[in-house]
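User: Can you walk me through this one? I'm new to reading structures.

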Amino acid sequence: SSMFARATKPLAAAVASGLAVGYVSHYSSPKLAHADAEETVPGKLSSIRASLDRIEKALGVSAPSQFKPKPTDPSTPTPHGIDIVLGAQWGDEGKGKLVDILSQTYDVCARVAGGSNAGHTIVANGRKYKFHLVPSGILNEMATCIIGNGVVVHLPSFLEELKSLELAGVQWEGRIKVSDRAHLVFDFHQTVDGNQETKLGRNKIGTTKKGIGPAYASKISRNGLRVGDLGDMETFEERFRSLAEYHMAAFPGLKIDIEKEIDYYRKIAPYVQSMTTDTIEYTNQAYTSGKKILVEGANATMLDIDFGTYPYVTSSNPSIGSVLTGLGVSPRKLNGIFGTVKAYCTRVGEGPFPTELVDAPGSTGEYLRANGYEFGTTTGRARRCGWLDIPQMKFSSTINGFTSLNLTKLDVLTGLPEILIGTKYVYKGSTLDTMPANLKIMTSPDFKVEYETMPGWTEDISTCTKFEELPPNAQKYVHRVQDLLGIPIRWIGVGPNRLDVVDRGPGWDLTEQAKSK
């Protein structure tokens, strides 16, 4: 046993010490010639080692095993690595479009954080698809889509989304797997979310009122329910009653028809369970077997609960860390990290927006909103518009470690005589090296953004398929953004349709560049 081994190690050490002392005293004799010592020392050491081995074996003490890598098996698939598409600004950057393009060559597409507060719009074959919980990779008929353990799921909305996909001709059956560890969003979570936002008045956060924050609060309070709990309805009912009563006590005036809710979940449980699986095991097995895995990020870094403009943020971590905790994979399995950034900047909801443009008739801000159709997929709210913010992007890049960028909606800038790029934050005369955590700094009259001015272009770029086909001033803009950030721009959005993207190739990615060295 291990206790016996520990107990006998001192004895073995003592015996070894005694042998060594005997050896040293014997060969320290002045009678031994130097030449003889050189010839016999190796042999004597070997004899001592053999004696120690016999003693250890007799005492049941084994030498520590040495790790030996397994020989390479040519038939074993080589893991591709997990690629990730993340929002680099305040959301609505066009992540879904890139995911849709990339997912045509991937075996698995996954969501890892957030809930139905996220929204992606894809235009394919003249039809517009809106996604909220289901990964937009579902449009690839060969891909399996995962809703990971880090996502919070409002089942009524999820089932409605599946129904709308079916009506649109998307065959999803058997291709959607929901984590048994994903937490549930209930209707009363949404009610609480809306009531809390209303009470904040003009200090509102700008939540989508989808119940995401209250659902994550239940998760962190350890009284939430998970998708896998529907497999044991007796326990589910007991815990649901407790959770509902807790909320009615915590929020006076909140009314929940507990029996009606339980009846609904009892009816849908078998259907939901048919899609429920251990996605951690599934994902890691898919990786080991060589399948290509793509993670579709929701929201964006500047809405991250830790890194964003708190408290005007979402309730999860839509940055690189959520891939690990929301999917259950090791960081060693990550490959390309693709940051999606608009050629300008937008924000929906409240909170600081350093490069925001004046929103007035005939203004550049209104021009960007109209040309870019800047209205939220989930809420329909008009988005605030501004110039590209380099300090914000550098902050986002530091956190996520982007290997390449997806610059979207370059076509929206067409027609502007000049284009500005926010390059530096200055506060009380000093340059800020990072995004300040104190929001008062960004709203202070002492806070300024310094800009560079680039020449605009009037040529239509929607038919461009190669970078060299872009107007010279459009090329200059892309090059300048790339130089300011120090990250290669691989993809460039030139129009609203599914394939209106210029792909400069895998060479414009830091991961691929490192592999080629």
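Analyst: Here is a quick tour by question and reply. Keep in mind that this is a predicted model.

User: Let's start with the sheet. What is the strand order?

Analyst: The order is β9-β7-β5-β2-β10-β1-β11-β15-β19-β20. That makes an open sheet of 10 strands with mixed pairing. The edge strands are β9 and β20, and each pairs on one side only.

User: And how do β1 and β11 run, parallel or antiparallel?

Analyst: They run parallel, joined by 5 bridges. Ile 82 stands opposite Leu 334 in β11.

User: New topic. How many salt bridges are there?

Analyst: The whole structure has 17. One of them joins Glu 374 and Lys 409, with the closest N and O atoms 3.0 Å apart.

User: Where do those two sit?

Analyst: Glu 374 is in the loop between α11 and β13, and Lys 409 is in the loop between β15 and β16. So the pair ties together parts that are 35 residues apart in sequence.

User: Is Glu 374 buried or exposed?

Analyst: Glu 374 counts as buried, because its relative accessibility is 0%. Lys 409 is partly exposed, at 24%.

User: Which residues share that network?

Analyst: Salt bridges with shared partners join Asp 92, Lys 342, Glu 374, Arg 383 and Lys 409.

User: Last one. Where is Asp 100?

Analyst: Asp 100 is in helix α3. Asp 100 is buried, with a relative accessible area of 1%.

User: What does Asp 100 touch?

Analyst: Leaving aside residues up to four places away in sequence, Asp 100 touches Ile 122, Ser 136, Leu 139 and Arg 498.

Methods: Residues numbered from 1 in each chain as written. Predicted model: local features only at pLDDT ≥ 70, side-chain atom pairs only at ≥ 80, totals over all residues. Heavy atoms only, no water. Helix = DSSP H or I, 4+ residues; strand = E, 2+ residues; numbered from the N terminus. Buried < 20%, exposed > 50% of the residue type's maximum accessible area, 1.4 Å probe, protein only. Contact = heavy atoms within 4.5 Å. Pairing = 2+ DSSP bridges. Salt bridge = Lys/Arg side-chain N within 4 Å of Asp/Glu carboxyl O.
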